[in-house]
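Try each task before you read its solution.

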Amino acid sequence: MNYIKVYIILLNYNGWVDTIECLESVLRNDYPNYQVIVVDNNSPNNSIEYLKTWAEGKLDVWVNPDNSLRNLSFPPVPKPIPYVYYSREEAEKGGNPEIEEELKNKIPKDITSKYPLVFIQSGDNLGFAGGNNVGIRYALAKGDFEYIWLLNNDTVIEKDALKEMVKVFTIHKRQKIGIVGSKLVRYDKPDTLQVLCGTKPLTCKSGNYGEYLYPNYKINDTPKDIFEIKGYIVGASMLIEKSLIKEIGLLDEAYFMWAEEADFCVRALRKGWKFYCATNSIIYHKEGASTGNGILRQFLWLRRVRPPISRFVITGYLNNRNGLYFVKKFFGYKGLACFFLAKFLKMQIRFIVGILLFDNNKLYRISLLIRGIKDGLMNNMGKPKEF
């Protein structure tokens with residue numbers, strides 16, 4: 001197997017604890033040629049300083065001894081870990097290769113990467129698309145790689161996860177493969193899938209709400225062999241071929257976050273690229289850790305886990321805005337009409353009933369839904385004022 005260099009990009013926003021746990025697992029993976037880039041989206045909780053302190057060996061993150069996944073990130077890898085720290089402007093020009101080369105000689109021997117960590121401060125909350133694009137531009141400026149792995153920071157990985165994804169490119173090297181995904185497993189239920197790599201094919205009836213493959217299935221009840229994904233690869237784990245990025249461009253920053261991976265994949269599909277699922281690449285995902293988990297609420301005898309306001313901006317406002325923008329962009333107004341009748345109206349009714357029965361700030365939440373519809377139809381995109 002030819003171990004071509006891979007850049008692994010982790011995006012952090014206020015999630016330094018999760019990012020450290022993720023890094024501890026990534027830095028012991030068994031693919032021998034990778035470099036980790038952590039982009040911080042100007043976290044107000046001083047995340048970047050905590051991450052530096054961890055790399056210097058002055059801070060560890062506690063992992064519950066009863067956690068069945070603890071062995072993936074514990075005991076901590078040796079420290080200090082050499083790192084470079086760049087501003088967005090410095091990074092997008094390729095950083096300082098000379099300093100990085102010097103630091104290669106200081107990597108602790110039990111860390112499987114032979115390169116220093118790269119910390120980048122974006123200087124603003126650029127969202128998922130913008131933050132990852134900073135890391136991608138750094139990698140493109142360096143030019144010394146073949147694949148970029150976009151990996152959510154609220155994950156931990158099996159040690160062979162990256163190797164299994166690269167293997168798919170090697171096995172199918174005669175095909176125009178652009179992206180390979182992973183088996184995403186629920187961190188809190190490690191016998192249960194979140195999704196098997198991606199979604200069913202997108203149509204005007206589903207838009208960017210592509211149906212997940214095998215959601216909530218037991219991990220042993222799903223396909224074992226590599227297979228082609230006809231929809232999009234879920235953005236929590238995407239291994240992307242460099243030439244695909246050069247052909248179609250970066251993630252569309254109009255979305256800010258939510259649906260940008262669907263947009264990216266549709267653009268690639270329309271250029272003839274193929275996607276595959278690496279079924280033996282296993283990632284444990286905390287899903288929602290970066291935006292706030294649910295709150296248990298009750299109405300009469302009904303009990304539901306409901307999103308806090310911080311997450312409802314995503315599940316409500318951005319879901320509406322970005323979904324409508326996506327459908328209009330790729331399927332036109334006929335597709336938009338189909339989407340409204342087939343799915344969107346039902347989804348809004350479900351949203352509103354849930355809000356009225358269970359949630360606080362009812363009027364504000366409903367106003368977010370309405371604003372999302374208006375902004376999506378009017379192309380009022382970019383960073384929401386709530387961020």
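**Exercise 1. Is Tyr31 buried, partly exposed or exposed?**
Take the cut-offs: buried is under 20% relative accessible area, exposed is over 50%, and partly exposed lies in between (1.4 Å probe, protein chains only). Tyr31 has a relative accessible area of 0%. Tyr31 is therefore buried. Now take Tyr3: its value is 33%, so Tyr3 is partly exposed.

The model is predicted: local features need pLDDT of at least 70, side-chain atom pairs count only at pLDDT 80 or more, and totals for chains, interfaces and linings use all residues. Residues are numbered from 1 along each chain as its sequence is written, and side-chain values use heavy atoms, without hydrogens and water.

**Exercise 2. Classify the pair of Tyr3 and Tyr31.**
Rings of Phe, Tyr and Trp (its six-membered ring) pair if their centres lie within 6.5 Å; planes under 30 degrees apart are stacked, over 60 edge-to-face, the rest tilted. A search of the whole structure gives 12 aromatic pairs.

**Exercise 3. Classify the pair of Tyr214 and Tyr217.**
The ring centres are 5.1 Å apart. The planes stand at 85 degrees, so this pair is edge-to-face. Tyr214 is partly exposed at 28% relative accessibility. Tyr217 is partly exposed at 40%.

**Exercise 4. Which residues do ring pairs link into a cluster?**
Follow the ring pairs. They join Tyr7, Tyr86, Tyr138 and Phe145.
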